[in-house]
Amino acid sequence: MEPAIEVRDLVVERGRRRVLHSLSCSIPRGSVTGLLGPSGSGKTTLMRAIVGVQVVKSGTVTVLGMLAGSAPLRGMIGYLTQAPSVYADLTVRENARYFASLYKDVTSADADAAVADVGLADAAGQLVGDLSGGQRARASLACALVARPTVLILDEPTVGQDPVLRDDLWRRFRAMAAQGTTVLVSSHVMDEASRCDRLLLIREGRLIADDAPDAILAGTGTADLEAAFLHLIRAEQVVS
Amino acid sequence: MNLRILGATTARILRQLRHDRRTVALLVVVPVLLLALIYYMFEDVPGIFDHIGLVMLGVFPFTIMFLITSIAMLRERTTGTLERLLTTPMGKLDLLFAYGLAFGVAAAVQASIASSVAYWLLGLDTRGGVGLVILIAIANAVLGVALGLLCSAFSRTEFQAVQFMPIVVVPQILLCGLFVPRGQMAGWLEAISNVLPMTYAVEALQEVGTRASATGTLWRDLAIIIGCVIVTLTLAAATLRRRTA
């Protein structure tokens, strides 16, 4: 089957700095793919290129067979930015319902369900500006889930969430993937990596691994992903 | 453009405004207070309030909506909601027109209250009707919104956005014919005045002040203001990039 997302030789420059160096990868449909790497490694830039809001220097990104950012894709893709991007002067419910109204055939009931899905049913009537950082991030997540997108791009969705909620969110991502949604999740916490079907390890704008978690462990002969990451970085340094 | 998205976005902007009670109070109260101030300044000079007060009914909505819009749009940019909106099916014009509509509605409320106070409490006297004054005030407010949307593209912080006010608004107030009749200005000043849209709003208001019914000049002036709104919104759409560095 054709992959959900196909990135080919992607080069992105911001200012004079090259952020992504001819990066290529493909992300299978109906899977949860983890995008891991330290802060500043290019995770957000790659995600922005996939949702079509990043100026790219060269290379191509296709999503569901269409060029990233093309108009028909915008109804099928959900994007959670790293910093919560919701209206602080609206309530959680009003935010979710507003984002729901931008899509065809998505109702306020869907919006309320998305709010409940991220565990904010009790805070639905509160202004987002009055919420804690973790709650605000979840309000933002609800707005990304509201239209039940085919492709879901989540930039650090679990940062600052309590462990029970984090577990709950991950179960939800897995359930969505089981129903055919393609989920790309970035994180800089390695302990979440084992919950992904596939991992993309990125460092300084280059992909250093693209495989299933078990295969990465087996390939590097390490016991945990943190060690595997270190192993891969050292191996790369030896080569260069 | 998509009517569903346009309507939803207009409602969202008005809802945000409704949650911000202080801003609503300022929108309504500030023009009224300033009108009262002008009234008492010229209490002993007959006829002056009919001139300046009338012009101010067009100047206030322009200035206030310009300021509010440039900050609101800047917030959309800095909080990431703009980037998110641009990944949804929303078109750029949906967003820009929604701002124009929402703040146009707010301006209608503001202009109605300010005009009511001016006419019935402060005794403003014009030969033409109050309805025309409100219409011109709304057109001028929407012009302020359009310019605010455009200028917010050139500022990165709220500090910078506020700096556009003296650049965009003050020259228009100085050269609109309020302080010096346009005919008495130096030629080059009048030429500048000719290309500033506020000039036409003020001229239209002065028509209402001196003529009992709407004149051709008034409708021409309104058409010019609306033309400026459309040009400005088109430019604003051009500065709104889906892809950014």
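**Salt bridges to start with**

Before you click on anything, here's the tally: over all chains, the structure holds 17 salt bridges. Keep in mind that you're looking at a predicted model.

Select B:Glu83 and A:Arg48 to begin. Their side chains meet in a salt bridge, at 2.9 Å from N to O. B:Glu83 sits in helix H4 (residues 81-85) of chain B while A:Arg48 belongs to helix H1 of chain A, so this pair joins two chains. Is A:Arg48 buried or exposed? A:Arg48 counts as buried, at 6% relative accessibility.

Now pick A:Asp210 and A:Arg198, another salt bridge, where the closest N and O atoms are 3.1 Å apart. The pair ties together distant parts of the chain: A:Asp210 is in strand E10 (residues 206-211) of chain A, A:Arg198 is in strand E9 (residues 198-203) of chain A, and they are 12 residues apart. Colour by accessibility and A:Asp210 comes out partly exposed at 28%, with A:Arg198 partly exposed at 27%.

Over to chain B: select B:Glu158 and B:Arg75. This salt bridge has an N to O distance of 4.0 Å. It links distant parts of the chain, with B:Glu158 in helix H7 (residues 158-168) of chain B and B:Arg75 in helix H3 (residues 48-78) of chain B, 83 residues apart. B:Glu158 is partly exposed at 40% relative accessibility, and B:Arg75 is partly exposed at 42%.

**Two stops in chain A**

Hold on to A:Asp89, and bring up A:Leu127. Which residues does A:Leu127 touch, leaving out those up to four places away in sequence? The set is A:Ala88, A:Asp89, A:Leu90, A:Thr91 and, from the other chain, B:His19. You'll find A:Leu127 in the loop between helix H3 (108-117) and helix H4 (133-145) of chain A, partly exposed with a relative accessible area of 24%. If you'd like a distance to draw, go from the C-alpha of A:Leu127 to that of A:Gln161: 34 residues apart along the chain, the two atoms are separated by 19 Å.

Next, step into helix H4 of chain A and select A:Ser140. A:Ser140 is buried, with a relative accessible area of 0%. Setting aside residues up to four places away in sequence, A:Ser140 touches A:Leu80, A:Pro84, A:Ser85, A:Val86 and B:Arg84.

**The sheet in chain A**

Switch to cartoon view. In chain A, 4 strands form an open sheet in the order E2-E1-E4-E5, with antiparallel pairing. Strand E2 (17-27) and strand E5 (66-67) stand at the edges with a single partner strand each, so one side of each has no neighbour in the sheet. Helix H1 (residues 43-51) of chain A packs on this sheet, touching strand E1 (5-14), E2 and E4, and its direction makes about 120° with that of E1(A).

Zoom in on strand E4 (residues 58-63) of chain A, which runs antiparallel to E5(A) and is joined to it by 2 bridges. A:Thr62 has A:Leu67 in E5(A) as its bridge partner.

How values were computed
Residues numbered from 1 in each chain as written. Chains lettered and ligands numbered in written order. Predicted model: local features only at pLDDT ≥ 70, side-chain atom pairs only at ≥ 80, totals over all residues. Heavy atoms only, no water. Pairing = 2+ DSSP bridges. Contact = heavy atoms within 4.5 Å. Axes fitted to C-alpha atoms, helices over the stretch in contact; angles between N-to-C directions. Buried < 20%, exposed > 50% of the residue type's maximum accessible area, 1.4 Å probe, protein only.
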